[in-house]
Amino acid sequence: MEARTLELVFPEHTNPLGAAFGGFVLGLMDKVGSYAAARRAKRPVVTVAVGGVEFKVPIRTGDLLEVVARVVRVGRTSLTVEVEVYKERFGEGNGRVLATQGVLTYVAVNENGEPVPVEAHAGTD
């Protein structure tokens with residue numbers, strides 16, 4: 001299962017040097033990662049872990065970001081999602097560049113926030 005979105009980096013998302021705040025990028029990763037996990041779980045999910053995040057190249061004001069999240073593992077109640085953030089700067093001709101990647105883990109929950117099993121899934125996630 002996959003989810004993706006596009007986001008433009010504005011000055012309020014950056015530090016005085018024009019580079020995106022890590023928290024802004026992590027927030028996008030968590031949001032899109034949760035969409036992929038919730039789609040696969042067919043229910044709400046909560047974030048339980050963020051790991052292995054690597055900021056490869058700076059993200060700057062004016063960059064267009066594409067955030068791509070894919071469910072790569074499903075446990076009894078948990079889902080592991082790989083998230084990649086690509087940046088693109090119009091007019092530079094460099095195309096899409098992988099800027100950040102990481103792995104996030106979510107747990108499917110009921111209306112009381114208690115963990116619940118994720119349905120078995122025939123076929124690929």
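Thr61 is partly exposed in this predicted model, with a relative accessible area of 30%. That label applies because 30% falls between the cut-offs of 20% for buried and 50% for exposed. Thr61 sits in the loop that lies between strand E2 (45-55) and strand E3 (64-74).

Several residues from elsewhere in the chain meet Thr61. Beyond its neighbours within four places in sequence, Thr61 is in contact with Val9, Phe10, Pro11, Thr14, Gly18 and Arg89. With Thr14 there is also a polar contact of 3.3 Å between the two side chains. Ala19 is 42 residues away from Thr61 along the chain, yet their C-alpha atoms are separated by 6.6 Å.

Leu64 in E3 stands opposite Leu8. Arg70 has Glu82 in E4 as its bridge partner.

Helix H1 (residues 22-41) contains 20 residues. From its first C-alpha to its last, H1 reaches 28 Å, close to the 28 Å expected at 1.5 Å a residue. Its buried residues include Phe24, Val25, Leu28, Met29 and Val32. What covers the buried residues of H1 includes strand E1 (2-8), E2, E3, strand E4 (78-88) and strand E5 (97-108). Just after H1, Lys42 has a positive phi of about 60 degrees.

How values were computed. Residues numbered from 1 in each chain as written. Predicted model: local features only at pLDDT ≥ 70, side-chain atom pairs only at ≥ 80, totals over all residues. Heavy atoms only, no water. Helix = DSSP H or I, 4+ residues; strand = E, 2+ residues; numbered from the N terminus. Buried < 20%, exposed > 50% of the residue type's maximum accessible area, 1.4 Å probe, protein only. Contact = heavy atoms within 4.5 Å. Polar contact = N/O pair within 3.5 Å; in protein donor to acceptor, adjacent residues only side chain to side chain. Expected span 1.5 Å × (residues − 1). Pairing = 2+ DSSP bridges.
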